[in-house]
Amino acid sequence: MLKIVIDGKEVEVEEGLSVLELAEKIGVKIPTLCYHPAVSAYGACRVCIVEVIEKGLSKLTTSCTCPVESGIEVKTNSEKVKKTRKLIVEMLLARCPDAKIIQDLAKQLHVEKTRAPQKNENCILCGLCMRICREIIGVDAIGFANRGHKRKVTTPFEIQSDVCLGCGACAFVCPTGAIKIEDVEDKRKIDMWHTELGKVKCERCGRYFFPESAVEYVKRKSLQDVDGFLKLCPDCRKRVLANKLVCGW
Amino acid sequence: MKRVLLVNWEKCIGCRTCEMICSLLNEERCNPTEARITVIKFEEKGADFPVYCQNCEAPACEAICPAKAIYKDDITEAVLVDIRRCIGCRMCILACPIGGLSFHPARKEIIKCDLCKGDPACVKYCPEGALEVVSLDTIGVKRRRENIRKFSSYLDMMTGGKE
């Protein structure tokens, strides 16, 4: 067990946690955009910045990437933190003026308008979509391309990805909602990834329900026999089950 | 002992009260599409069958979940989704053989039967008693008793009530 001081409160914690996870555990709120408990911390959005005082020396660091160590003191809302966080949010607001989550964050921190020249982006380059795709789904369909102000998340060579499952996890976790998934009849389109995937047609009702590659992924990963139901949409699976039980197998 | 939600479909009259109460208590509005239980109707056979997540012993959704967001509750043994860990890939929906999970379009969350923390509301509100919560060790006895009852009524039918 480690003893640390957080916002003047002394707490005992087990090893292996980050400052952000600890704060969440004891109910101290630290705003964050790019943190997700399922993937490794990346420290990209910088919003979760805190002041860490170690051996009398104070430093500002992102709480998601800062491991809890014995004897440190953490201030999550000191003047220094507030000032820096305000600047960070101001810059994020300049990049993504239309993102709702950033507008809300700016309002919370009393950032009225941004002094930096405005851009019209939605992506804050936190790389959460990329981390989810690589670490959790395990297909690595997207990644960062270019450097500096040209940096962006995209598929290799900015062409149709041949490994993308079209599962939509990237769009689900994106904090600013920059990734749009469009479902049109028998296709799933992800414009940001230049990808268009065909969907599987339900054998029973004829509805298109999931991208073919996602169905293949389940077939590959499943331990049980899935051939019997994978061609059916979830609604028809219910009907088939009920039919079997009512009319006999 | 593990308790399971059991359905006697012969008793179900297809009134969809279970869907309504499930949606009302979980989503605070009566919308059957947001319910965790669905009554499948067979109009021409006159049969109705409520379908819901079976909270399986070895769930396919738990096995497929790449983010390990699906787990079994220690007390109720219901299969639950950790919304914070969920990455929204919807593989669980695809891997479930009976369509027990669904995706809430507005809240962007996986929804499934969580047995209402061990005390399902659908059981309480079912007017015909078609749904019940049973301890796993009494199911066998229940089924046997039910089969004997059916067999004896069948015998009665064959013999015209005579010995």
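Predicted model: local features only at pLDDT ≥ 70, side-chain atom pairs only at ≥ 80, totals over all residues.

Author: Start with the face of α3(A) turned away from its buried side: it carries the exposed residues A:Lys100, A:Asp104, A:Lys107 and A:Gln108. Residues are numbered from 1 along each chain as its sequence is written, and chains are lettered from A and ligands numbered from 1 in the order in which they are written.

Reader: What makes the buried residues of α3(A) line one face of the helix?

Author: The helix covers residues 100–108 of chain A, and its buried residues are A:Ile102, A:Leu105 and A:Ala106. Seen down the axis, they fall within an arc of 100 degrees, so they line one face. The arc is that of the directions from the helix axis to the C-beta atoms. The cover over these buried residues includes α2 (79–95) of chain A. After α3(A) comes A:His110, with a positive phi near 60 degrees.

Reader: How do you know what counts as a helix or a strand?

Author: Both are DSSP runs, numbered from the N terminus: helices are H or I with at least four residues, strands are E with at least two. By that rule chain A has seven helices and eleven strands.

Reader: Why is α4(A) called largely enclosed?

Author: Eight of its ten residues are buried, so the rest of the structure largely encloses α4(A). The buried residues are A:Leu128, A:Cys129, A:Met130, A:Arg131, A:Ile132, A:Cys133, A:Ile136 and A:Ile137. Their cover includes β6 (143–145), β7 (152–154) and α5 of chain A. A:Gly138 follows α4(A) and has a positive phi near 80 degrees.

Reader: Why does A:Lys55 count as exposed?

Author: A:Lys55 has 6 C-beta neighbours inside 10 Å, and therefore counts as exposed. A:Lys55 is in the loop between β3 (49–54) and β4 (57–62) of chain A. A:Glu73 is 18 residues away from A:Lys55 in sequence, and 9.2 Å away in space, C-alpha to C-alpha.

Reader: How does the radius of gyration of chain A stand against that of a compact globule?

Author: Chain A has 23 Å, whereas a compact globule of 249 residues would have a value near 18 Å. The radius is taken over C-alpha atoms, and the globule rule is 2.2 Å times the number of residues to the power 0.38. The C-alpha trace of chain A spans about 75 × 45 × 30 Å along its principal axes. Of the 249 residues, 38% count as buried.

Reader: What are the domains of chain A, and how far apart are their centres?

Author: Domain 1 is 2–108 and domain 2 is 128–247. The bounds come from an automatic or database domain assignment. The C-alpha centres of the two domains of chain A lie 33 Å apart. Eleven residues of domain 1 of chain A are in contact with eight residues of domain 2 of chain A. Contact means that the C-beta atoms of two residues, placed from the backbone, lie within 7 Å. The domain 1 side of chain A divides into nine nonpolar, two polar and no charged residues. Here Ala, Val, Leu, Ile, Met, Phe, Trp, Tyr, Cys and Pro are nonpolar, Asp, Glu, Lys and Arg are charged, and the others, Gly among them, are polar.

Reader: What makes β9(A) and β10(A) a pair?

Author: Two strands pair if DSSP finds at least two bridges between them. Four bridges join β9 (residues 187–190) to β10 (residues 195–201) of chain A, and the strands run antiparallel. A:Arg188 stands opposite A:Leu197 in β10(A). Their hairpin has four residues between the strands, and A:His194 takes a positive phi near 50 degrees.

Methods:
Buried ≥ 20, exposed ≤ 12 C-beta atoms within 10 Å, placed from the backbone.
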